[in-house]
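Welcome, and please take a moment to look at the sequence and the model before reading on.

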Amino acid sequence: MDPLALLLKLSDALDLRAKEVAEAEAWYTGAHPIPEPPANTAAASDAEARLAFQAMARLAITNFLPAVVDVPAARLNNEGFHFSQSPASTDTEAWDIWRRNHLDGDSDLTQHAALRCGTSPVLVWVTTDGKAEITVEDPAQVIVAYEPGSRRKRKAALKRWLNDDGRTYATLYTPNWVYKYQSTGRATNTNLVVPQFGRMAWEQRIVAGEEWPVRNPWGVVTMVEARANPGLAAAPYGGGESEFAGQINEQRKINQTVMNMLVTMEHQAFRQRWATDWDYPVDIDGKPDKAAMLKASASRLMVFNNEDGKTTPKVGEFAQANFQPFLEALEFWVNTISTGSGTPPYAFTLGNMMNVAADMMARIEGVQSDKLKVHSRNFGEAWSEVMRLALLVEGNPKAADPAITVVWGEFDRRTATEQANLAQIAHNLGAPKEAVFAMLPAVDQSEAKRWVVEGIAD
C-alpha cells in the first residue's frame with residue numbers, strides 16, 4: 001500500500017483509539033461524565049436548577065476504580081530474563097539492556113497504562129552507537145496494525161503527536177521502511193482533551209542527516225503492543241480491555257448513591273419544618289420571596305401574626321433523615337466491584353476486615369494471584385518480544401532463542417518468615433543458590449546473582 005494512504009488509514013483508526021484511551025483515563029482519574037438530570041425534575045428544564053444539579057453531580061463523584069488497576073500493577077515486577085541456554089539464571093546481557101533503557105521504572109508505566117487503557121506500546125530502535133533504544137509510548141499516540149487474521153504479526157505502526165511548533169508529526173513504521181511526515185499547516189485545536197486530527201494534508205518531514213524514507217534493516221515492525229485482557233478474535237488494530245471495564249456501571253451507581261445522599265444532606269442541613277395557615281412572604285410583585293423564605297427556613301425563632309384572629313398557624317418538623325441505607329448501598333456496590341474485578345476488599349479501605357477468617361483471606365488473595373498470572377503471561381510475551389528485538393538490533397545471536405521468558409517477582413503476599421522458610425525448603429531440595437537467594441525477602445534476581453558471584457569469589 002502507498003505509505004501516505006496507509007498513514008491516512010491508520011490515522012483514522014488512531015482517532016478512535018485516542019478517544020477510547022481518553023475515556024478510560026477519565027474513569028481512572030475521576031473525571032467521570034456528568035449524567036443528564038432526570039426528566040421529571042426541575043433540572044431538566046430550568047437552567048438554574050440544571051447548574052445546581054451538575055455541581056452536585058461533580059461533587060458526588062467518589063472514585064473506586066483506581067484500586068482495580070493499582071493493586072495488580074504494583075505486583076507485576078520483572079526481575080530478569082531466562083534463555084534456553086541458561087534456564088536457571090537470569091541473563092546478564094538482557095538485563096543490562098533493560099536497565100540501560102530505564103525499564104526498571106518505565107516498564108511499570110507501560111503495564112499500568114495497559115491495565116488502565118487496555119494497551120500500551122513500546123518502541124525498539126537503535127542509537128547512533130549501535131545500542132538498542134527502548135522507549136515506552138503513549139497509547140493515545142500510537143496504533144499497531146496486524147496482518148489479517150493474526151494477533152501477533154505486525155503489519156505497520158503509526159505514532160502521531162502534536163509538536164512544539166504547532167504542527168502534527170507522524171512516523172509510519174513498516175517492516176522495511178520508516179516514513180516521517182508532518183502536517184502542512186499548524187493545529188488549531190491543541191486545547192482539546194482528544195485533538196480532532198481528521199484528514200489533514202501531510203508532507204515529508206526531513207531530518208538532518210537522514211535519508212527519506214529511513215531503511216528498516218530488521219525486516220519487522222519494531223513497535224510492540226503490551227495488551228491487557230486481549231480478546232480471542234484477531235483485531236486489525238490489536239488493543240485489549242481496561243481492567244475496570246466491567247465495573248464502570250457499578251461506579252455509576254456509586255456516584256448516583258453519593259449524589260442522593262448529598263441531596264438528602266443538603267435538605268437536612270437544618271431541621272426541616274412545616275407550617276400551616278401561614279402565608280409565605282412575597283416580594284413587591286407578589287411573587288414568593290425566595291430570600292425571605294430561605295432566611296425563615298434557617299431561623300432559630302419564627303414569629304407569626306394572627307391578623308384575622310380566627311386561624312392560628314401550626315408549626316411542626318420532619319424527622320431527621322437516616323443515612324445508614326446510603327452507606328449500606330455504597331458498601332454493596334464497592335463489594336460488587338471487588339467481586340467482579342478480583343480486587344481484595346481491603347484495597348478499598350471500606351468495611352470491617354477485622355473478623356475475616358484466614359482461609360477467606362487466602363481465597364481473596366488467590367483470586368488476585370490467578371489474575372496476576374494471566375497478566376504476566378500477556379505482558380511477558382510482549383516484553384520477551386521487546387528483548388528479542390533489542391538483541392536483534394545489537395546483533396546478538398541470542399535474539400534467535402525461541403525460549404526467551406520473563407522472570408516475575410512473587411505474586412503472592414507472604415511474610416518475611418514465610419519467604420525465608422520457602423527458601424530453606426528450596427535449599428534442602430537442592431535448588432540452585434541463585435534461585436534460593438531470590439526467594440528471600442527484598443532480593444531480586446540480579447541481587448541473587450551478585451550474591452552467588454561474590455560467594456564464589458570469596
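Here is a short tour, from the whole chain down to a few side chains.

**Ground rules**

This is a predicted model, in which local features need pLDDT of at least 70 and side-chain atom pairs count only at pLDDT 80 or more, while totals for chains, interfaces and linings use all residues. Residues are numbered from 1 along each chain as its sequence is written, and side-chain values use heavy atoms, with hydrogens and water left out.

**The chain as a whole**

You will find 12 helices and 13 strands in the chain. Both are DSSP runs numbered from the N terminus: helices are H or I with at least four residues, strands are E with at least two. Of the 458 residues, 41% are buried. Here, buried means under 20% relative accessible area, exposed means over 50%, and partly exposed is in between (1.4 Å probe, protein chains only).

The chain exposes about 25,500 Å², and carbon and sulfur atoms supply 55% of that area. Accessible areas come from the Shrake-Rupley method with a 1.4 Å probe; for residues, only the protein chains shown count as cover. A contact is a pair of heavy atoms within 4.5 Å. Among contacts between residues at least 6 apart in sequence, 66% join residues at least 24 apart.

**Salt bridges**

Side chains of opposite charge can pair when their charged atoms come close. The structure holds 18 salt bridges, each being a side-chain nitrogen of Lys or Arg within 4 Å of a carboxyl oxygen of Asp or Glu. The table gives three of them.

| Salt bridge | Closest N and O atoms |
|---|---|
| Arg154 and Glu385 | 3.0 Å |
| Arg227 and Glu225 | 3.8 Å |

Arg154 and Glu385 form a salt bridge. This pair links distant parts of the chain, with Arg154 in strand 5 (residues 154–162) and Glu385 in helix 9 (residues 358–393), 231 residues apart. Arg154 is buried at 11% relative accessible area, whereas Glu385 is partly exposed at 22%.

Glu210 is partly exposed at 35% relative accessibility, while Lys180 is buried at 17%.

In the pair of Arg227 and Glu225, Arg227 is buried with a relative accessible area of 15%, and Glu225 is buried as well, at 7%. These two residues belong to a network of salt bridges that also links Arg17 and Glu20.

**A threonine in a loop**

Thr174 sits in the loop between strand 6 (167–173) and strand 7. Is Thr174 buried or exposed? Thr174 is buried, with a relative accessible area of 11%. A polar atom of its side chain lies 2.7 Å from the backbone oxygen of Trp177. Leaving aside residues up to four places away in sequence, Thr174 touches Leu6, Lys155, Tyr179, Asn216, Val220 and Val221.

Which residues make the nonpolar surface patch of about 300 Å²? Leu422, Ile425 and Leu429 do. Patches are made of residues with over 30% relative accessible area and no salt bridge, with like charges joined within 9 Å and nonpolar side chains (Val, Leu, Ile, Met, Phe, Trp, Tyr) within 5 Å. Leu429 is found in the loop between helix 10 (416–428) and helix 11 (433–438), and Leu429 is exposed, with a relative accessible area of 73%.

Note on methods:
Polar contact = N/O pair within 3.5 Å; in protein donor to acceptor, adjacent residues only side chain to side chain.
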